[in-house]
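Welcome! Here is a short briefing to read with the structure open beside you. Take a moment to look around before going on.

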Amino acid sequence: EITGSPAASEAPLRDTIPLESPDPASVDDWVSAALKDNPLVRAMQLQVEAADRNIDVQWGKALPSVALTAGRTRTWQDADFGGNLADDQVGVSVVWPLFQGGGVASQIRQSRANWKEALALQAATQRDTERVTRSSYRDVVTGISRIAAARRAVDAAHTAVEAIRRDVEFGTQGEFNLLIAQNSYYGAQLQYSRTRYDYLTA
């Protein structure tokens, strides 16, 4: 999916992989780190802050605005036409949108609703992040014991295959029983591989 080309061969997992418990060994520490450093959680926090500031922006549209203007004009001309002239202008303008058809009030309500929505999405993202973190932590911790149990199941299934194979050679069991035992053995091998991959993924 990433490379866009089929893989010619994949390296299998080693028979022995390091089985280490999470460090630190407290799931709460991992949850705290996830809620602090997870990019999705951080992005939602920024969205809440942006929505909160947008409320102030909408409020500002209803406040008066004051503009100070100043200008100077100089004209040089002959005395016949009145001589040199200087014109200085200073002005103050105040604009106060007292009522704009409810547009400003509506935008303020909408920005508040967007802020509440951002808060809800942030809480949902935090809950989801905590759930995934706790689940992954449990998968790592229990993955070690699952791998050990799956390895024992492979050994037991292999022993059963060898025992039934000897019975078939002696004629005390049929080949159908050997096929069933071999099927169980390969199923145990598949489960063993899955538990190792699940552990590494977690």
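How many residues apart are E130 and R134 in helix α3, and what separates them in helical turns? They are four residues apart, which makes about one helical turn. Keep in mind that this is a predicted model.

**Salt bridges**
- The count of salt bridges comes to six.
- E130 and R134 form one of them, with their closest N and O atoms 3.1 Å apart.
- R134 also meets D28 in a salt bridge, at 3.1 Å from N to O. Because R134 lies in helix α3 and D28 in helix α1, this pair ties together parts that are 106 residues apart in sequence.
- D28, E130 and R134 are therefore linked in a network of salt bridges.
- R134 is partly exposed, at 26% relative accessibility; E130 is partly exposed at 29%, and D28 is partly exposed at 45%.
- R131 and D128 form a salt bridge with the closest N and O atoms 2.3 Å apart. Both residues lie in helix α3, three residues apart.

**Helix α2**
- This helix covers residues 39–60 and reaches 31 Å from its first C-alpha to its last, close to the expected 32 Å.
- Its buried residues are V41, M44, V48, A51, I55 and Q58.
- At the start of α2, a side-chain oxygen of N38 comes within 2.8 Å of the backbone nitrogen of L40.

Note on methods
Residues numbered from 1 in each chain as written. Predicted model: local features only at pLDDT ≥ 70, side-chain atom pairs only at ≥ 80, totals over all residues. Heavy atoms only, no water. Helix = DSSP H or I, 4+ residues; strand = E, 2+ residues; numbered from the N terminus. Expected span 1.5 Å × (residues − 1). Buried < 20%, exposed > 50% of the residue type's maximum accessible area, 1.4 Å probe, protein only. Polar contact = N/O pair within 3.5 Å; in protein donor to acceptor, adjacent residues only side chain to side chain. Salt bridge = Lys/Arg side-chain N within 4 Å of Asp/Glu carboxyl O.
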